[in-house]
Amino acid sequence: MKCLVTGAAGFIGSHLVDALLARGAAVTGIDNLKLGRRKNLAKALTNPNFKFFEANINDLPSCSRIISWQSKPKPFSIAWHLAANSDIRAGVADPDVDLRDTFLTTYNLLKQMREHKIPRIAFASTSAIYGELDRQLTEDIGPLFPISSYGTMKLAGEAAISSALESFLERAWIFRFPNVVGSRATHGALLDFAHKLKKNPAELEVLGDGKQKKPYLHVAELIDAMLFITDNAAEKLNYFNIGTSANVTTVKYMAEAVVKQMSPGAKIRFTGGDRGWIGDVPKVNYSVEKLKKLGWSPKLTSNKAVDRAVAEIVAEVKTP
Ligand SMILES: NC(=O)c1ccc[n+]([C@@H]2O[C@H](COP(=O)([O-])OP(=O)(O)OC[C@H]3O[C@@H](n4cnc5c(N)ncnc54)[C@H](O)[C@@H]3O)[C@@H](O)[C@H]2O)c1
């Protein structure tokens, strides 16, 4: 198997690269290092089956040169597309960020796939495409009205993939991720809390009232699910929610878990309001029945995934 991975130096991308290499795949990673870090690829860079290129997916001439060169002697069989703006708040402040890094990266990658005859795509989508709905989120509900530009551009990315399937793509897997936690995090509440406590060990400011409730999945389980789905779902267009259903974790639980590990005794101060920021969906009720029927379920509950990630992230923040 020969794979192209975009967003390879990011949090999830770097874990995916490690897992693909462990399966014996040849992997070419592209990342502009805007949010990702070369350090995340420290292990992969020692593997002769891995090649890394610092490039912007929207720079078509550079990417075309890289893909054309790397397509010899054997073409890529799949592109794993993870490059995106993962900072939802940055997209609220300036929606152009999501247009460029969340949508155009998908549109331009599809152009490259057409040019270089890469037949399959696996795409990192998100629960944010569903918007704020007071019901269980199954894969086939609609119409969908996202409440962040990030969710909007991911939904547009799904649509672009769907139409590419009509002309040149052979197969697509769309993964709608929940909130993902674990080592090498580049963003997210747990990392924010750990950094804030490092700066001020006496008090932790938490945006919102702490009652936001979402399902969290550990990155190791997410990667396992992505590989399981691509191995086992063989429709032309395959789309799955990935996550935990019944169990969710509150922001208060997460704040207390980080305080306990990072700075026991620190006071937690909630800023109030039902959400952390504009575009934040405070409560997510995810259905993962479709994935369960395919044969995959997570082993960790949402709280256990958070506990494991807190230990990993706190260790990384304490010793950068
Ligand atoms: N972490 C989560 O909880 C979560 C939830 C839902 C969906 N996702 C999606 O999963 C994917 C990976 O997310 P992550 O958490 O690892 O975020 P991340 O920011 O760590 O990884 C994204 C990577 O894409 C790179 N990138 C961005 N724009 C680029 C461009 N124009 N050209 C080349 N590289 C570019 C960044 O430098 C970064 O390394 C993203 O598509 C994200 O939207 C993540």
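In this predicted model, a backbone N or O atom of Val180 sits 2.8 Å from an oxygen atom of the ligand. Such a polar contact is a pair of N or O atoms within 3.5 Å. Here are the ligand contacts side by side:

| Residue | Protein atom | Distance to a ligand oxygen atom |
|---|---|---|
| Val180 | backbone N or O | 2.8 Å |
| Lys154 | side-chain N or O | 2.7 Å |
| Gly10 | polar backbone atom | 3.3 Å |

On its own the ligand exposes 810 Å², and the protein buries 97% of that (Shrake-Rupley areas with a 1.4 Å probe). α1 (11-22), α4 (96-115), β5 (120-126), α5 (149-167) and β7 (179-181) are the elements that give two or more residues to the shell around the ligand. Helices here are DSSP runs of H or I with at least four residues, and strands are runs of E with at least two, numbered from the N terminus.

The ligand is surrounded by 32 residues, each having a heavy atom within 4 Å of it. Asp31, Ser86, Tyr150, Lys154 and Thr186 are the closest. β5 supplies the largest share of the shell, 3 residues. By type, the shell holds 15 nonpolar, 13 polar and 4 charged residues, with Asp, Glu, Lys and Arg counted as charged, Ala, Val, Leu, Ile, Met, Phe, Trp, Tyr, Cys and Pro as nonpolar, and the others, Gly among them, as polar.

A word on numbering and confidence: residues are counted from 1 along each chain as its sequence is written. Local features need pLDDT of at least 70 and side-chain atom pairs pLDDT 80 or more, while totals for chains, interfaces and linings use all residues, and side-chain values use heavy atoms, without hydrogens or water.

Methods: A polar contact is a pair of N or O atoms within 3.5 Å; within protein, one must be able to donate a hydrogen and the other to accept it, and residues adjacent in sequence count only if both atoms are side-chain atoms.
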